[in-house]
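Biologist: I am new to this structure and would like to know what stands behind the labels used for it. Please take me through them.

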Amino acid sequence: MKMQFFGAARTVTGSMHLLEANGLRILLDCGLYQGPRQESFDRNRNLPFEAKTVDAMILSHAHIDHSGNIPTLVRSGFTGDIHTTAASP
């Protein structure tokens, strides 16, 4: 098993964690990074992994810093399922 932290590590915004286990790649959250304007633009527009290689996504909750970058994920080639609680959609 391998876990990579792409957001909300050393900061409280842009939650995005990629778990790889048993041949699957599962993304936990895909949040917007909120910070200085140019840095936010660059980080939110360019995902740090190939979206089409992600098998599924789990959304912990619908705050923008956890869910706001899902459109970029889909636009970048993600076609898997998004799993969340009934209260989040």
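Biologist: Why does Thr 13 count as buried?

Modeller: This is a predicted model, and in it the relative accessibility of Thr 13 is 5%. Buried means under 20%, so Thr 13 at 5% counts as buried. Thr 13 lies in the loop between strand 1 (2–7) and strand 2.

Biologist: What does the side chain of Thr 13 reach, and at what distance?

Modeller: The side chain of Thr 13 comes to 3.2 Å from the backbone oxygen of Leu 32. A polar atom of that side chain also lies 3.1 Å from the backbone nitrogen of Gln 34. Polar contacts are pairs of N or O atoms within 3.5 Å. Leaving out residues up to four places away in sequence, Thr 13 touches Gly 7, Ala 8, Leu 32, Tyr 33, Gln 34 and Asp 65.

Biologist: Where is Tyr 33, and is it buried or exposed?

Modeller: Tyr 33 is in the loop between strand 3 (24–28) and helix 1. Its relative accessibility is 12%, and the cut-off for buried is under 20%, so Tyr 33 counts as buried.

Biologist: With which side chain does the side chain of Tyr 33 make a polar contact?

Modeller: The partner is the side chain of Glu 39, at 3.3 Å. Not counting residues up to four places away in sequence, Tyr 33 touches several residues, including Thr 13, Glu 39 and Arg 43.

Biologist: What makes the pair Arg 43 and Glu 39 a salt bridge?

Modeller: The N to O distance between their side chains is 3.5 Å. A salt bridge needs such a nitrogen of Lys or Arg within 4 Å of a carboxyl oxygen of Asp or Glu, so Arg 43 and Glu 39 qualify. They are four residues apart in helix 1 (residues 37–45), which means a separation of about one helical turn. Side chains of opposite charge can pair when their charged atoms come close.

Biologist: Why is Arg 43 called partly exposed?

Modeller: Arg 43 has a relative accessibility of 34%.

Biologist: How many salt bridges does a search of the whole structure find?

Modeller: The search finds two. Besides the pair in helix 1, the side chains of Arg 25 and Glu 20 meet at 3.2 Å, N to O.

Biologist: How do you know whether Arg 25 and Glu 20 are buried or partly exposed?

Modeller: Arg 25 is at 19% and Glu 20 at 22%. The limit for buried is under 20%, so Arg 25 counts as buried and Glu 20 as partly exposed.

Biologist: Which residues touch the most other members of the largest nonpolar core?

Modeller: The core has 13 residues, and those touching the most other members are Leu 27, Cys 30, Phe 49, Met 57 and Leu 73. Strand 2 (16–21) and helix 3 (70–75) are the elements that give two or more residues to this core. Leaving aside neighbours within four places in sequence, the contacts of Leu 73 include Leu 27, Cys 30, Phe 49 and Met 57.

Biologist: What makes Val 54 buried?

Modeller: Val 54 has a relative accessible area of 4%, which is under 20%, so Val 54 is buried. Val 54 is found in the loop between helix 1 and strand 4 (56–58). Its C-alpha atom is 6.0 Å from that of Ile 26, 28 residues apart along the chain.

Technical notes
Residues numbered from 1 in each chain as written. Predicted model: local features only at pLDDT ≥ 70, side-chain atom pairs only at ≥ 80, totals over all residues. Heavy atoms only, no water. Buried < 20%, exposed > 50% of the residue type's maximum accessible area, 1.4 Å probe, protein only. Core = buried A, V, L, I, M, F, W, Y, C linked by side-chain atoms within 4.5 Å. Contact = heavy atoms within 4.5 Å. Polar contact = N/O pair within 3.5 Å; in protein donor to acceptor, adjacent residues only side chain to side chain.
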